[in-house]
2 protein chains.
Amino acid sequence: MSVPVSTRDRLVDTARAYLDEEGIDGIGLREIARRAGLSHGAPLRHFPTLGRLLAAVAAEGFRDLYASVEASMSAVDSADPMARLDAASFGYVRFAANSPGVFGLMFRSDLCDTGDPEYAIEGGAAFGQLVELVVDAQAIGFHPDLVPTELAGVLWSTMHGLASLHLHGALAPTTGQTDLDTLVRIANRLAFGASSTISKEPT
Amino acid sequence: MSVPVSTRDRLVDTARAYLDEEGIDGIGLREIARRAGLSHGAPLRHFPTLGRLLAAVAAEGFRDLYASVEASMSAVDSADPMARLDAASFGYVRFAANSPGVFGLMFRSDLCDTGDPEYAIEGGAAFGQLVELVVDAQAIGFHPDLVPTELAGVLWSTMHGLASLHLHGALAPTTGQTDLDTLVRIANRLAFGASSTISKEPT
DNA sequence: ATTGAACAGTTGACAGTGTCTACGTATTCG
DNA sequence: CGAATACGTAGACACTGTCAACTGTTCAAT
């Protein structure tokens, strides 16, 4: 937000920009330093290791994911839990589709240092957002007998699998030219018979 | 299967053994060569690149995945498509849980050279196995209006997401001590109201 | 005002990587 | 029998993450 960001923040932004432009493949400490106009050892003055730098990027990714889901839900009736759950699904996969680099990074425990507290906190917050939605849905009769976190885990898995396989390219060739939104609609119809009013293009 | 395997096969086996023992993290050309008792350049006589070697390992992984699903299905009534679909789900996630290294590798396009024909063929075969199951299910009234490959893609995504997030460790802390089978049961109940006779430990 | 410690950045080294090339050997085939 | 081809080795190259030493700057305390 602010203009004269610290070097630390600029490193995170640079890494994120790299992910958006080039994908996750060639990312590295020296490459980030190069793009930030610093010497190859400079990042280590702000992060003890590459893994921690990437964990910071991933944590920011979780915040953006949270925001993407929130934005998607703001388009539907806030008093309708099922509509919100449906909208949240689109927010999730759209974040993944729009930011494949960071999304891919967020679940790469070999790259991110998952011991980073910020990483754990932001990841937990994103999941917490979903659990709240699930609790609201259960309150109006959606599988009220299930453990909320377990039900949330299953719904999360579906969207996560859809996003992951789509980015992997596994879905496109096998299911033809099917776009991701269609698959999300099908998934939600299976899970809770959603009619999916969402089909236009926010966030 | 045969005893005096070729060096090429031994390299694949060595790589696979490494994945099973050490996970995906430290794998590399030189490490594989070391474990196989060869010089660091030897693998390149059989594979043009590390990516191709790993693609061969992944292709074998797809064959094993196929077999795991087949084995799981052999325990239920072969004339009941929904029971077979239910069983197939367990075969999928159990393969992932039992072989986290290869499973992780199979969907890492930055490591596997996805241009390898064998990789594409075996991956396609595994998906084809699922599509057949879906077609059978649709024939007895399970969402017969949907495109088979799309429905299959969604069902696949759910199990893939479950397996991926479980291996990532994202499911364990958030959903407490819930084991993977429980989540699969919940997922299948959402998708097709399965009663899941499967709960014991095959494959 | 001066000292001294903390900070931030550079630079060079180290061990490790994937890949390439040149070299040797051995087997096989014309 | 000679030659070609396959296989394995060894060295080099460019690259990586990380560490240690060095330089300059800032800033608080004496």
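By class, five nonpolar, eight polar and three charged residues make up the surface near DNA strand D. Here Ala, Val, Leu, Ile, Met, Phe, Trp, Tyr, Cys and Pro count as nonpolar, Asp, Glu, Lys and Arg as charged, and the others, Gly among them, as polar. Before going on, a word on what you're looking at: this is a predicted model, in which local features need pLDDT of at least 70 and side-chain atom pairs count only at pLDDT 80 or more, while totals for chains, interfaces and linings use all residues. Residues are numbered from 1 along each chain as its sequence is written, and chains are lettered from A and ligands numbered from 1 in the order in which they are written.

Back to the DNA. H2(A) gives the most, with three residues. A residue is near a strand if its C-beta atom, placed from the backbone, lies within 6 Å of it. Helices here are DSSP runs of H or I with at least four residues, strands are runs of E with at least two, and both are numbered from the N terminus.

Now turn to DNA strand C. It is surrounded by 17 residues, the closest being Ser39(A), Gly41(A), Gly28(B), Leu29(B) and Leu50(B). This time helix H2 (29–35) and helix H3 (50–73) of chain B are the elements that give two or more residues. H2(B) supplies the largest share, three residues. Sorted by class, the surface near DNA strand C has five nonpolar, nine polar and three charged residues.

How do the two protein copies relate? In general, two copies of a chain are related by a rotation about an axis and a shift along it. For this pair, a rotation of 180° with 0.0 Å of shift along its axis puts chain B on chain A, with an RMSD of 0.0 Å. The two copies are therefore related as by a two-fold rotation axis.

Next, look at where the chains touch. The contact takes 32 residues from chain B and 33 residues from chain A, with two residues in contact if their C-beta atoms, placed from the backbone, lie within 7 Å. On the chain B side, helix H7 (148–168), helix H8 (171–174) and helix H9 (180–192) each supply at least two residues, and H7(B) provides the largest share, 14 residues. That side of chain B has 15 nonpolar, 14 polar and three charged residues. Since 100% of the interface residues of chain B are also interface residues in chain A, the copies meet through the same surface.

Follow chain A on its own and you'll find nine helices and zero strands. Its C-alpha atoms fill a box of roughly 55 × 35 × 30 Å along the principal axes. Of its 203 residues, 47% count as buried, meaning that 20 or more other C-beta atoms lie within 10 Å of a residue's own; 12 or fewer makes a residue exposed, anything in between partly exposed, and C-beta atoms are placed from the backbone. Among contacts in chain A between residues at least 6 apart in sequence, 65% join residues at least 24 apart.

Helix H4 (residues 81–98) of chain A is mostly covered, with 16 of its 18 residues buried. Helix H6 (residues 117–139) of chain A also has buried residues, among them Tyr119(A), Phe127(A) and Leu130(A). Just after H6(A), Gly141(A) takes a positive phi of about 105°. His143(A) has a positive phi too, about 45°, although it is not a glycine. You'll find His143(A) in the loop between H6 and helix H7 (148–168) of chain A, where it counts as partly exposed because it has 18 C-beta neighbours inside 10 Å.

One last stop is Tyr18(B), in helix H1 (residues 7–22) of chain B. Tyr18(B) counts as buried because it has 21 C-beta neighbours inside 10 Å. Leaving aside residues up to four places away in sequence, Tyr18(B) touches Ile27(B), Glu31(B), Ile32(B) and Arg35(B). The C-alpha atoms of Tyr18(B) and Ile32(B) are separated by 7.7 Å, with the two residues 14 apart along the chain.

How values were computed. Least-squares fit on C-alpha atoms with pLDDT ≥ 70 in both.
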